[in-house]
Amino acid sequence: MRKNVGRKIGIFLLLKGLRMLTLLVAICFISFLLVKNSPIDPIQAYIGADMLKVGPEQREKIAEYWGVDQPVMVQFLNWGSALLAGDLGTSMIFRRPVADVIGERFINSLVLMLTAWVLSGVIGFVMGVVSAMKKDTWIDRIIKWYCYTLASTPTFWMGLLMLIVFAVWLGWFPIGLGVPVGVLAEDVTIANRIEHLILPAVTLSIIGVANVALHTRQKLVEVLASDYVLFARARGERGFTLFWRHGLRNVALPAITLQFAAFSELFGGAVLAEQVFSYPGLGQATVEAGLRGDVPLLLGLVIFSTFFVFAGNLIADLIYYVVDPRTRESRML
Amino acid sequence: MIPSLKVRNKEESRFFLNRRQRKFITSILSAILLVTVVVVGVLLDEERIATNLITRNLAPSLDHPFGTDWLGRDMFARTIMGLSLSVGVGLIGAIGSTSIALILGMAAATMGKVADRLISWLIDLFLSVPHLVTLILIAFTFGGGFKGIVIGLMLTHWPSLARVIRAEVMQIRSAEYVQISRQMGKSKWWIAVHHILPHLTPQILIGFMLMFPHVILHESAVTFIGLGLSPHEPAIGIILSESMKYLSAGMWWLAFFPGLCLLLIVQAFDRIGENFRLLMDPTKSND
């Protein structure tokens, strides 16, 4: 039986992987075409301020060197084959390989997103549970109102408010950046990094709470209306014991899955939060690449974020598949 | 038991309105708020936000409820104009997105298995890149500006609504009255117009209303980043990104009020959409 399950998960993963592959190829192709049709001239973007010093002959040389003068399909195949070999090209802004830039930025972003992800997940879950257990009381109303308001709050505005209150007025936290200004890279301590991390992470968590909380509340209200909870209540169980024995397992799984499936929104939120706090992460790199026409970096980031979102969705599916036997059964039918 | 229940009911309906009527009234109030903002924003002339260096950097007061910025422009007028611009852009984006969702959802449900596969693959494709990254990519393709952002908004918000429409059409298509209609020799077109479309209308309207807030938020986010509307427009995103430079000088009103107004507008739309859904769905309208 166990072997059987293992094989099924293998097939499941294989199918998902194939689907991912087709999507990824299509995304590469589409984003390549999009970027190619941009009015921003890559050579112009590369030259930038040195415009007067570069003559037409030199421009032609650059175009030839990069292969910009070749047909689109040839360019795409060149780029695609380089991509398969693991070469994402060189970033124009940073003058370094794109893979290096993404790797370094990703570690910064990962810390930020992970903190926000865990915080918003746990707080949101607790809020949802409290709200459902105390349905129709004032605390439930407050939580619901909070969630609905937060769902329509612009992330970057929230970030600005945090900056105004905690950085400008109270002066508890630095105004931005990932590390202190004027300190050598070797001298940056972990405490410094954490200090710079708190505000963006809190901003993201405050916004991210709403979804999980509302979802958990909905599920738990359903569970509490079921017959087995009615029976448990009739036996005299109530409060936390009731939730622990009958509620937790039923609502934890959807909440975890939802958190994993929300990777896409998390990434979007991180882009905005990093922009507000000038935090040197992937999101800020995306914005810079878009603003300054750094095509290789932009393409690399699109592909990377796709992987990121896909990983989240895959984990969500997998958890459901492995933990909840009902989904397996329905697949067999 | 019953008398006590009655007492509670009376207490709840202090204004002699049931929940349905209250929902209706809040929807109308929200709609009035929205229309007022848009109309005032369009009617306000450019003079209100003209540069006036004498009244620079003023904190909020009765003359300037939202304060003034470093060029002496009245922030209240700028905010209202920005909101009306946001609503306009959001309207175009949401209409475009809803149309795409409608066409693809219908096509997926009615044009056979291959079309269905293709369209659900397309939906997955658009859902597999973060919205904001797609928006940045598309805005970059069109070199930023109005066109880029509107096309980006149209192309990124349809997938979830398309899924809903597809499921709905599938359900209606297999209903008995549609089968009978087909047996009686009605053409596909006739069935689509007379059976499927009337059922879809509320779904589309609700989907449209609920999509609107997302569209507006994404618009202001992309504009805030700097890839959206041009800096000359009084958009909320522009106002907020400009305010960032002056935050450390303690000019909190530059960021606080415009953002708050955006939040209120988004919530008004959300409220209308939610109420719409509850009012239109007979099984839910009474709880």
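Two residues are in contact when they have heavy atoms within 4.5 Å of each other. This is a predicted model, in which local features need pLDDT of at least 70, side-chain atom pairs count only at pLDDT 80 or more, and totals for chains, interfaces and linings use all residues. Residues are numbered from 1 along each chain as its sequence is written, chains are lettered from A in the order in which they are written, and side-chain values use heavy atoms, with hydrogens and water left out.

**Thr98(B) and its surroundings**

- Leaving aside neighbours within four places in sequence, Thr98(B) is in contact with Leu161(B), Ile204(B), Phe208(B) and Met211(B).
- Thr98(B) belongs to helix α3 of chain B, residues 75-110; helices (H or I, at least four residues) and strands (E, at least two) are DSSP runs, numbered from the N terminus.
- Thr98(B) counts as buried because its relative accessibility is 6%, where buried means under 20% relative accessible area (1.4 Å probe, protein chains only).
- The backbone oxygen of Ala94(B) is reached by the side chain of Thr98(B) at 2.5 Å.

**Chain B as a whole**

- Chain B has 11 helices and 0 strands.
- Of the 287 residues in chain B, 48% are buried.
- Among contacts in chain B with a separation of 6 or more, 70% join residues 24 or more positions apart.

**Interface between chains A and B**

- Chain B gives 40 residues to the contact and chain A gives 47.
- About 3800 Å² is buried between the two chains, with 80% of this area from carbon and sulfur atoms; buried area is the accessible area (1.4 Å probe) that two parts lose on being put together, summed over both.
- The chains share 1 salt bridge, defined as a side-chain nitrogen of Lys or Arg within 4 Å of a carboxyl oxygen of Asp or Glu.
- Asp124(B) and Arg19(A) form a salt bridge through their side chains, at 2.8 Å from N to O.
- On the side of chain B that touches chain A, at least two residues come from each of α4 (112-127), α5 (131-141), α9 (188-225), α10 (236-243) and α11 (253-280).
- That side of chain B divides into 27 nonpolar, 12 polar and 1 charged residues; Ala, Val, Leu, Ile, Met, Phe, Trp, Tyr, Cys and Pro count as nonpolar, Asp, Glu, Lys and Arg as charged, and the others, Gly among them, as polar.

**Cysteines**

- Over all chains there are 0 disulfides, a disulfide being a pair of cysteine sulfur atoms within 2.5 Å.
- Cys28(A) is buried at 9% relative accessible area, and Cys261(B) counts as buried at 15% relative accessibility.

Terms used. Buried < 20%, exposed > 50% of the residue type's maximum accessible area, 1.4 Å probe, protein only. Polar contact = N/O pair within 3.5 Å; in protein donor to acceptor, adjacent residues only side chain to side chain.
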